[in-house]
Amino acid sequence: MEVSAQAPAPGSRTAVIIEDEADIRMALIGIFKEAGFTVHAFESGLEGVEGVRSRQPDVVTLDLGLADIDGFEVARQVRQFSDAYIVILSARTQELDTLLGLEAGADDYVTKPFRPRELRYRVEALLRRPRGRNGSPITAQLLAVDFASSPAPAEARELPAGDEVLEHNGLRLSVQARTVELAGAELALTRSEFDLLHALLRAGRTVLTKDALAQVLRGTQASPDGFWSDADAKAIHVHITNLRRKLGDSATSPFWVETVRGVGYRLALSR
């Protein structure tokens, strides 16, 4: 069953809510309607998938514990045809659930109960980020680090078309095209994985804390009420784990992404 909060207005943003608990569904409708979204809500996973297909929303909120198919499968199906931002809302707090959600294609993971202001903040942060391959890349000012003074940064060169390529140990990242190649093969990275790799390549051997990397993903320099804390640190860890897996990298003997225990991450030494 679909619930629509308002008729679409020209140029308005659209949200699809996939949530089987009526009270939470109505609360989410109110949150997004207040933020100016046209809202369509669904209580089952299959209805939600078709709702995303027909409505083409900017953002999707997704519960994991749906009655028909779970939220992981919904995210996987949606990712086959949509580049909408997906925010998982779940009472599950295990790191494995966060990992599975982000691997399935979600952009963020917020645990229940959540604060309406926090959810709005996270959604607005996602909407500031580039979608697909043609958006603007992250910029150096998003990080609390001076890239110009970074020792041993990744090699960068300007291409005739104005693109910039960062290379390190055989890895090649095109900033404007938003592509990453390794040994001549293009890697399928999510937006978050690409942005984190871009930040690490920019910073070189300068350590980026999890807070700094959270700022990259949020697109801002400050977080009200400490919205990046344990949940954001966990998400950064999951994104880095996924990135390493796709690179074929090792946390214990890194070739590209090195962990600085208790601090954050940096680029591994050139080889």
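Helix H2 is followed by glutamine 56, whose phi is positive, near 50 degrees. Helices (H or I, at least four residues) and strands (E, at least two) are DSSP runs, numbered from the N terminus. This is a predicted model, in which local features need pLDDT of at least 70 and side-chain atom pairs count only at pLDDT 80 or more, while totals for chains, interfaces and linings use all residues. Residues are numbered from 1 along each chain as its sequence is written, and side-chain values use heavy atoms, with hydrogens and water left out.

H2 itself spans residues 45-55, and its buried residues are Gly45, Gly48, Val49, Gly51 and Val52. These residues cover an arc of only 160 degrees around the axis, which puts them on the same side of H2; the arc is that of the directions from the helix axis to the C-beta atoms. Buried means under 20% relative accessible area, exposed over 50%, and partly exposed in between (1.4 Å probe, protein chains only). An α-helix has 3.6 residues a turn, so residues three or four places apart point the same way. The buried residues of H2 pack against S2, strand S3 (37-42), S4 and H3, a contact being heavy atoms within 4.5 Å.

Strand S2 (residues 13-18) pairs with S4 in the parallel sense over four bridges; two strands pair if DSSP finds at least two bridges between them. Five bridges join S4 to strand S5 (residues 85-90), again in parallel. Valine 60 is the bridge partner of valine 16 and stands opposite isoleucine 86 in S5. S4, helix H3 (residues 71-79) and S5 make a right-handed β-α-β unit: with the strands pointing away from the viewer, the path from the first strand over the helix to the second runs clockwise.

Strand S2 has five of its six residues buried, so S2 too is largely enclosed by the rest of the structure. S2 pairs with S3 in the parallel sense over six bridges, and valine 16 has histidine 40 as its bridge partner in S3. From S2 the chain crosses through helix H1 (residues 22-34) to S3 in a right-handed β-α-β crossover.

Over the whole protein chain, the secondary structure comes to eight helices and 14 strands, and 52% of the 271 residues count as buried.
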